[in-house]
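This report looks at a sheet and at an aromatic pair. Please keep the sequence and the structure in view while reading.

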Amino acid sequence: MEEKEEKTSKTVVKIIDNGPLIISGNFIFQDIKRNIESNPGKVELCRCGRSRNKPFCDCSHKE
Ligand code: FES
């Protein structure tokens, strides 16, 4: 039980090759418009600059 709680409390930043930056775990997200979402669980952020929904990835990197 303690091990599971420890895993979920960590913040993981994963870089997808030719894709987004995925952040998951326990964190606070503040976007460009200063909207704050506490602990959203997971966000996928665009790294290619083609997303029409920045700062989020909309899979335009696959086109
Ligand atoms: S990384 Fe997916 S749209 Fe940019």
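Does Phe29 count as buried or exposed? At 11% relative accessibility, Phe29 counts as buried, a word that stands for under 20% relative accessible area, with exposed meaning over 50% and partly exposed in between (1.4 Å probe, protein chains only). This is a predicted model, in which local features need pLDDT of at least 70 and side-chain atom pairs count only at pLDDT 80 or more, while totals for chains, interfaces and linings use all residues. Residues are numbered from 1 along each chain as its sequence is written, and side-chain values use heavy atoms, with hydrogens and water left out.

A search of the whole structure finds one aromatic pair, where pairing requires ring centres of Phe, Tyr or Trp (its six-membered ring) within 6.5 Å, and planes under 30 degrees apart count as stacked, over 60 as edge-to-face and the rest as tilted. The ring centres of Phe29 and Phe56 are 5.5 Å apart and their planes stand at 40°, so the pair is tilted. Because Phe29 lies in strand S3 (residues 28-30) and Phe56 in the segment after S5, the pair ties together parts that are 27 residues apart in sequence; strands here are DSSP runs (E, at least two residues), numbered from the N terminus.

| Residue | Relative accessible area | Class |
|---|---|---|
| Phe29 | 11% | buried |
| Phe56 | 27% | partly exposed |

Turning to the sheet, three strands form an open sheet in the order S1-S2-S5, with antiparallel pairing, and two strands pair if DSSP finds at least two bridges between them. Strand S1 (11-15) and strand S5 (42-45) stand at the edges with a single partner strand each, so one side of each is left without a neighbour in the sheet. Five bridges join S1 to the antiparallel strand S2 (residues 21-25), and Thr11 has Gly25 as its bridge partner in S2.

How values were computed
Helices (H or I, at least four residues) and strands (E, at least two) are DSSP runs, numbered from the N terminus.
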